[in-house]
Amino acid sequence: MERDAAVNILDIEHLRRAFGSLVVTDDVNLTVAPGERHVIIGPNGAGKTSLINQIGGQLAPTAGRIVLKGRDIAGLSPNRISRMGVARTFQRNNLFHNLSVIENLRLALAVKFGNPLDCFRAADRDVALTDRAYRLMQQVHLGDDGERIARNLSYGEQRQLEIGIALAGEPELLLLDEPTSGMSPAETARMIELIASLPSSLSMLMIEHDMQVVFSVADRITVLYYGKVLASGAPAEIQANDRVREVYLGMAH
Amino acid sequence: MTDVTEQAELDNMPQPAIPPSEVTRYQPGAESWEDMRASADTAFGYDLVKDELADALAGIPFLMLTLAFSQLVFSVALKWRDVTGGSDGMALAEKPSFFGFNLDHSLVMYFMTLLFFVAAFLSLGRLINAPLGRVFIGIRENEQRMLAIGYATRAYKLLAFVIAGGFAGLAGGLYAIFNGFISSDALYWTASGDILIMTMLGGAGTLIGPPIGAAVFLLMKNVASSYSEHWLTIIGVIFIGCVMFFPGGIWGTLQKLRWSATRP
């Protein structure tokens with residue numbers, strides 16, 4: 001156990017979250033190895049987003065441990081967890097909708113690479129930060145027009161910007177909550193490509209519904225069912241697992 | 001004019017932080033520049049304490065608590081006659097001079113206030129374009145996301161509130177000099193209400209909106225009160241109409257019109 005904690009970037013141990021008598025996370029154990037792309041699947045209401053929210057700090061667990069690089073982060077505030085190297089996207093687009101693309105990215109970068117307490121110099125005069133923002137914009141395939149307002153982007157582009165904001169702090173662990181939800185097939189293909197292009201050292205924990213996406217990116221799959229881990233393993237094992245087929249894959253097809 | 005100055009600081013604040021009585025903060029009996037500086041300093045300190053208290057809350061509860069706190073200070077000021085003169089207030093024995101100019105001349109008073117207004121306006125303009133101001137805007141736009149990015153939004157909100165309070169204190173000092181008199185009435189919650197109305201009327205979330213709102217509000221007040229003693233009702237109806245049909249206020253509506261005019 002001690003050894004695992006040192007090796008894995010994330011170790012979730014006996015995590016539990018209850019809302020009154022409703023248990024949304026029930027004794028969940030889960031690990032993410034460095035560089036692993038770990039996908040969580042499960043029917044609606046399985047507690048997938050609640051799990052991500054507990055790792056990101058948006059929701060405090062009732063019991064259990066969330067060990068990040070050997071440190072228990074369960075119940076810490078989102079901003080502290082973020083600065084410890086965990087970034088996330090949200091299921092519904094969660095951008096600064098009235099700001100330009102480049103301002104969205106600059107805000108995300110400034111907390112680590114800028115001077116957010118500077119109250120005198122114009123923000124866009126920070127050339128290094130602006131350059132960085134443009135590089136990030138290209139990394140998430142948003143072209144090079146940074147002046148577009150976030151709310152005017154297409155849905156798929158907004159999802160890409162979500163990922164750009166999450167990548168800004170150079171996280172070690174990226175939590176993606178349904179990155180392709182609501183996307184057209186073409187947009188989904190672009191998103192798979194984008195995710196594949198991210199550095200292989202970046203560990204990912206990702207919720208996904210689209211089985212094509214799941215099997216094209218996952219190193220490991222964990223199936224959640226009513227808050228419990230039903231199965232966890234390599235994609236081939238999950239595909240062959242009878243219980244999973246019964247409760248989940250069978251339902252989807 | 002002083003109302004205009006008071007206004008200028010409002011919109012830098014993150015959304016829920018509707019300021020408590022802006023006018024409330026001056027030291028009754030500001031008799032010299034020292035006192036006016038003290039007024040701004042006290043406002044900073046006052047906001048610091050209050051915000052720690054109110055910080056756990058947001059939105060409407062925060063607003064109510066802020067008003068309640070202001071009323072508390074009002075009551076203290078009303079009863080503590082030795083210091084504040086209670087409801088009689090305190091008069092300025094002699095107006096201070098401004099770089100050798102006599103502030104008894106209304107023109108001098110006007111231009112001095114204008115000078116402070118322009119200085120405050122420019123520095124706030126500078127602030128919102130600086131990284132710190134961008135953080136404030138980010139929190140107003142989407143606090144949850146700011147947290148997820150790693151900003152300690154509570155600390156930034158506190159900072160915004162303190163900055164706003166400092167400018168309000170400056171305005172309060174000017175107001176006391178302008179009137180030559182100050183009483184605990186200025187601490188009453190309706191003073192906050194006036195400023196809130198001015199902000200909503202002119203356009204919250206912009207720098208120029210609140211000064212416009214303040215000008216319109218004072219104009220309405222003067223015009224309406226010369227026709228009817230129920231002028232507050234008239235202003236109230238106009239305000240409700242404004243909130244319902246022009247949520248962006250005067251400036252926000254103008255901008256929207258201009259924006260749609262330039263688009264095919």
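Two strands pair if DSSP finds at least two bridges between them. Helices (H or I, at least four residues) and strands (E, at least two) are DSSP runs, numbered from the N terminus. This is a predicted model, where local features need pLDDT of at least 70, side-chain atom pairs count only at pLDDT 80 or more, and totals for chains, interfaces and linings use all residues. Residues are numbered from 1 along each chain as its sequence is written, while chains are lettered from A and ligands numbered from 1 in the order in which they are written.

**Stop 1: the sheet.** Select the four strands of chain A that form an open sheet, in the order β2-β1-β4-β5 with antiparallel pairing. At its edges you will find β2 (22-32) and β5 (71-72) of chain A, each pairing on one side only. Now pick β4 (residues 63-68) of chain A: two bridges join this strand to β5(A). Click Leu68(A), whose bridge partner in β5(A) is Arg71(A).

Stop 2: Select helix α5 (residues 106-129) of chain B, with its 24 residues. Which residues of α5(B) are buried? They are Met109(B), Thr113(B), Phe117(B), Ala120(B), Leu124(B) and Leu127(B) (buried means 20 or more other C-beta atoms, placed from the backbone, within 10 Å of the residue's own).

**Stop 3: where the chains meet.** Show both chains: 20 residues of chain B are in contact with 28 residues of chain A (C-beta atoms, placed from the backbone, within 7 Å). On the chain B side, α6(B) gives the most, with seven residues.

Methods. Expected span 1.5 Å × (residues − 1). Buried ≥ 20, exposed ≤ 12 C-beta atoms within 10 Å, placed from the backbone. Contact = placed C-beta atoms within 7 Å.
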